[in-house]
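Dear colleague,

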Amino acid sequence: MFVFDLADAPPLTQAFYQRDPARVAQELLGKILLRKTRAGFAGGRIVETEAYRAEGDSASHAFRGPSRRNRAMFGPPGRAYVYAIHAKYCFNAVTEYRGQASAVLIRSMEPLVGLTQMQTRRKRERLLDLARGPARICQALEIDRRLDSWNLTRGKRLWIVNPHAPLTTSDRILQTPRIGVTSAKELLLRFCLADCPFVSGPRKWRT
DNA sequence: CTACCGATTGACT
DNA sequence: GTCAATCGGTAGA
């Protein structure tokens, strides 16, 4: 079955994450985010991401230097950075570009495996309501602060793998401003699959 | 300690 | 489209 093939696929390596976050954000589109708990496997296809830098990016948590909250962003690439905002959690993959702290926020996912689990955790039936939005992904996959700094390259608990079918030229990628930020609105660091129903945000930034 | 606020969401007009 | 709930992080007294 689909799930077991994906579970056997090798996790993306540290080298994948040790690059410019904008590039990583773009290349994470179409990849499969996997979560394993006692309830089993859950996960889906990443369809929307945002890059956050340190220098020149006032919207980034790393902009004002290291703190207790953002320390994962200053650690090695290939780890998770999980933070709380508005009483909810968001999940990032830590990247690194020329020694600078950076990360990619995973904003939306097309649910593929563990649908029942995710429906239960989200208290929602519709697939469109399960993982469209960064805090919804975390609720659906039971990601919280305990996974902050988690190593994503080991293929345990939380990791990312290549899909069976990679993106093709017919999968148009959109580059837009980031959603919800109150500064650095001019930077085009959000990436998503065009015309994908599982992407969040305004219509004009979806197609 | 208090006060303010946000990389959000869900309910509602 | 608008708006308020929610709570940890942060800055400042």
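**Salt bridges and surface charge**

Across the whole structure, a search finds 13 salt bridges, a salt bridge being a side-chain nitrogen of Lys or Arg within 4 Å of a carboxyl oxygen of Asp or Glu. Please bear in mind that this is a predicted model, in which local features need pLDDT of at least 70 and side-chain atom pairs count only at pLDDT 80 or more, while totals for chains, interfaces and linings use all residues. Residues are numbered from 1 along each chain as its sequence is written, chains are lettered from A and ligands numbered from 1 in the order in which they are written, and side-chain values use heavy atoms, with hydrogens and water left out.

Much of what follows concerns Glu48, which is found in strand 2 (residues 40-52); helices (H or I, at least four residues) and strands (E, at least two) are DSSP runs, numbered from the N terminus. Glu48 has a relative accessible area of 0% and is therefore buried, where buried means under 20%, exposed over 50% and partly exposed in between (1.4 Å probe, protein chains only).

The side chain of Glu48 meets that of Arg107 in a salt bridge of 3.0 Å, N to O. Because Arg107 lies in strand 5 (residues 100-113) and Glu48 in strand 2, this pair ties together parts that are 59 residues apart in sequence. Arg107, with a relative accessible area of 9%, is likewise buried.

Glu48 also forms a salt bridge with Arg190, the closest N and O atoms being 2.8 Å apart. This second pair links distant parts of the chain, strand 2 and strand 8 (residues 190-193), 142 residues apart, and both Glu48 and Arg190 are buried. Glu48, Glu50, Arg107 and Arg190 are linked in a network of salt bridges.

Arg172 sits in the loop between strand 6 and strand 7 (173-176), and Asp195 in the segment after strand 8, 23 residues apart. Arg172 counts as partly exposed at 45% relative accessibility, as does Asp195 at 47%.

Kind regards
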